[in-house]
Amino acid sequence: MRSRRVYSRYFSLRQSSVAQSPYANSDPKYKRCTINAIPQTTALLNKCKIPFGLLITPYRHLLAGEEPVPVINPPQIVRCRRCRTYINPWVQFVEQDTRWKCNLCFLTNEVPTFFDWDPETRAHVDRRRRPELTHATVEFVAPQEYMVRPPQPVVFLFVIDVSYSAVQSGMLATAARTILDTLDAIPNADNRTKIGFITVDSTLHFYNLNPNLTEPQMLVVSDLDETFLPMPYDLLVTLSESREVIDKLMERIGDMFKNTQIVQSVLGRALQAAHKMIHAIGGKIIVLQSTLPNQNEGALKAREDPKLLGTPKEVTLLQPQTGFYKNFAVSCSPTQVSIDIFLFSPQYADVATLSGCAKFTGGSVYYYPAFNASRPEDALKFANEFSHFLSRPIGLEAVMRVRASKGIRMTAFHGNFFLRSTDLLSLPNVSPDNSYAVEMTLVENLTTSLACFQTALLHTSSNGERRIRVLTLAIPVTSNLGDVFASADQFALAAILSKKAVERALTSKIEDARDALTYKLNEIMGAYKSSFTTSGQSVQLLLPDNLKLLPLLTLGMLKNIAFRQASTIPSDLRSFVMAILYVFPPELCVVQCHPRFWSIHNLAPQIGLPGQDGQITFPPLLNLCSDKLDRTGIFLLENGVEIFIWVGRAASPDLVKMLFDKPNYDQIVAGKTTLPTLQNDYSSRINNLIGKIREVRIQMATCYPHLYVVKEDGDPALRMWFLTQLIEDRMDAMPSYPQFLGVLREQMGKISAA
Amino acid sequence: MNAEGFLFLFAVVMAAVLLFSMVFFIIMFSDLECDYINPIDLCNKLNQFVLPEHLAHGFLFLMFLVNGSWMALLINTPLAAWHVNKIMNNRHMYDATEIFRTLPQHKKESFIKLGFYLLCFFYYLYRMILGLLQEKW
């Protein structure tokens, strides 16, 4: 991923950390910077035109084989007196190692005695073995000073739609089944986890789940003029105590509403009631909504208008139609309440408005267009995602602060949070999936050889402990423009540009976002060209190796559903893709804009089987152009949220038989499917590949990608959809990759070399 | 005392009130920058004063119109138009989620308005004295 040059730089850097440990610098999966050699002066930073930013995924879910973050419980948390930086591998010990010099503000602080002396064993200890000095990512167990109240328990409050479409689509039954199956896996280490349910149609239904009851009691509130709870307690109960009553409710809830004809939904009022129920503790409100909220507070209109799509006015559909949900989210934030939304609407769901709830409370949005549980694929996708969503460890009542070396200032933040002060992000819940982007600038010239960035995430872990996760990244400072370019991280760049583009699109127009993306690419390439080429080379496009993919990634973003010029993309889908791009970690932003594409009809022997490191081996990646498609071939493509298998008309009948269990190409059914697991080598290897993709995606983004089989001469809409993933091809008005480069070359020709 | 004298006496008082409200806004914004107040409280507090401020200015504007004080009317037209424009586009309220991004603009706007009210204050004072003197002659 990174050029060798940067690696070697890291290696030499390691020597300057206090413990010279291989973990002294942050893993790029947790935290990465767009440039890996920080310009020393503001002039140099302005000259390179590369956006200076950080991408932080502080609470990411560990993938198989990854080391957990070391947890330490020191007698005292050592921090700089002035800037409150936590001690980290990049501080310097001075004055015979009795003091440490902060690497952010350069103040010297005293080293506490327990660093060298263990009072319990009465022995000398080596401070260079302490995890906070050897690891860039550590988690401190926080003492009393870091709490304003005792750590809160995990609270899950389900707000479930039980209107006609929720029942008919099978959403209610699937959700109840999944909750029932996942109850054991919900984080509940200290037996304090609390759970409650509200069901919504044109009235609100609350459930008395007192552990002494044999049956759950339903309480219907139909007076909706004000937010009102029918009873003060027992609506939110401790999971371990009321387990049997909850089980009964989940078993029955599907039948309770099976004959409903109600098509109204008073979601706004339900959210207010839910907030009233948990505002004293904080926690998670999980909304499962199938009908568009159409009554009472927060009622929405089905405003989708195909005439607006593809016009500059389209952006009005991507902006919220009422401020209710955003204002509600803002009122939830100080009470540590986070909202996650699952949308299932068969028609217009207004993702744009409803996602505001999640955006400002650190939650997430999940969207299942035309969900129908009678299709096993739909039910499986939802059940898998929902079950992972409920069982993954989360952080609660959190705040996150980013500090950087003197001279560097944060200018903007992107992601799902509420900005509580200039550099303090308030996160009622920390979702492991969410990533945060920080834009930075230099306000004064840097005086040291190392710039450091420290992120501290103070949170309550789901086992009820107050903890501080500290991530420190150190990057060398340079006065050489060449180093800045040679160390730029194109994937981080693409990720931060896509997040900025989302914001741009929503505040102004989608077209402006596209223009901004192309403009930035031109600017970076122009800056490189005018600094590093002589006039003779002016016809070529020049970029350092580590930025070679930036034009392609930019093209991928321009052609992504979020920004593409098209009049056929429903606004719900566009809103959803924008919402996920805004929170995706950089790896997924890149895959979403530049899908991974493999041919799977000519597998080398080790492909699809566990390699030496135990990981499934993938075939070599193909360029994303339709030239690669071969009518005798079978291809696999993955973009982070969907998987496609493309089958050529003349695909080998043997492979078709082995993979689909169908005698020939004509018998294959195109569309959303599940591959049969057959007793043959080929089928199991392909299933391994798909299984691996799904495993990683569910852990990175709680997404279980659908699998679509696309036939070369099958359903045109599906084929078109697949072809739009091949971003190197021409697509309506959008240029192919060679054309795009041609235009770029023309523009670069206008810039004179230095 | 004639009508003009009264009108400008009233205008002086209003200008002083508006002046103080702007000072209050600016102090609140710098409090936010120094992290003495959180954006939700800030917006709740300031939003209470936004419409009264606009209304006060609008009322003054209307008085000038009724009285036919064309010069004063002319001076106040740009600000009145600006206020109406903001209300029409629904941009007059402070949004807690956007406040940090828009803070420089808000501060700039408040400073400009502060300066404007200050100038107006002296102009009204001058006109008031003029009005009072006229009566004596």
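1. Helices and strands are DSSP runs, a helix having at least four residues and a strand at least two, and they are numbered from the N terminus. On this basis, chain B of this predicted model reads α-α-α-α along its sequence.

2. The overall dimensions of chain B follow. Taken along the principal axes, the C-alpha atoms of chain B fill a box of roughly 55 × 30 × 20 Å. Of the 137 residues in chain B, 24% are buried. Among the contacts in chain B with a separation of 6 or more, 82% are between residues 24 or more positions apart.

3. The UniProt record, an unreviewed entry, lists residues 7–29, 59–84 and 114–133 of chain B under "transmembrane region". Two of these spans may be set beside the model. Residues 114–133 of chain B are 100% helix and 0% strand, and the C-alpha atoms at the ends of this span are 29 Å apart. Residues 59–84 of chain B are 92% helix and 0% strand, with end C-alpha atoms that lie 13 Å apart. The student may wish to look at both spans in the structure above.

4. Where does chain B touch chain A? Nine residues of chain B are in contact with ten residues of chain A. On the side of chain B that touches chain A, the elements that give two or more residues are helix H2 (39–67) and helix H4 (99–136) of chain B. By class, this side of chain B has four nonpolar, two polar and three charged residues.

5. Two packed helices are described by the angle between their axes and the distance between the axes. For helix H15 (residues 550–558) of chain A and helix H21 (residues 737–749) of chain A, the axes come within 11 Å and cross at roughly 115 degrees.

6. Which residues form the contact of H15(A) with H21(A)? From H15(A) come A:Pro551, A:Leu552 and A:Leu555, and they meet A:Tyr737, A:Phe740, A:Leu741 and A:Leu744 in H21(A). The residues of this contact divide into seven nonpolar, no polar and no charged.

Terms used:
Residues are numbered from 1 along each chain as its sequence is written. Chains are lettered from A and ligands numbered from 1 in the order in which they are written. This is a predicted model: local features need pLDDT of at least 70, side-chain atom pairs count only at pLDDT 80 or more; totals for chains, interfaces and linings use all residues. UniProt positions are given in the numbering used here, feature names are shortened, and annotations may be inferred rather than shown by experiment. A residue is buried if 20 or more other C-beta atoms lie within 10 Å of its own, exposed if 12 or fewer, and partly exposed in between; C-beta atoms are placed from the backbone. Two residues are in contact if their C-beta atoms, placed from the backbone, lie within 7 Å. Ala, Val, Leu, Ile, Met, Phe, Trp, Tyr, Cys and Pro count as nonpolar, Asp, Glu, Lys and Arg as charged, and the others, Gly among them, as polar. Axes are lines fitted to C-alpha atoms, for helices over the stretch in contact, and angles run from 0 to 180 degrees between N-to-C directions.
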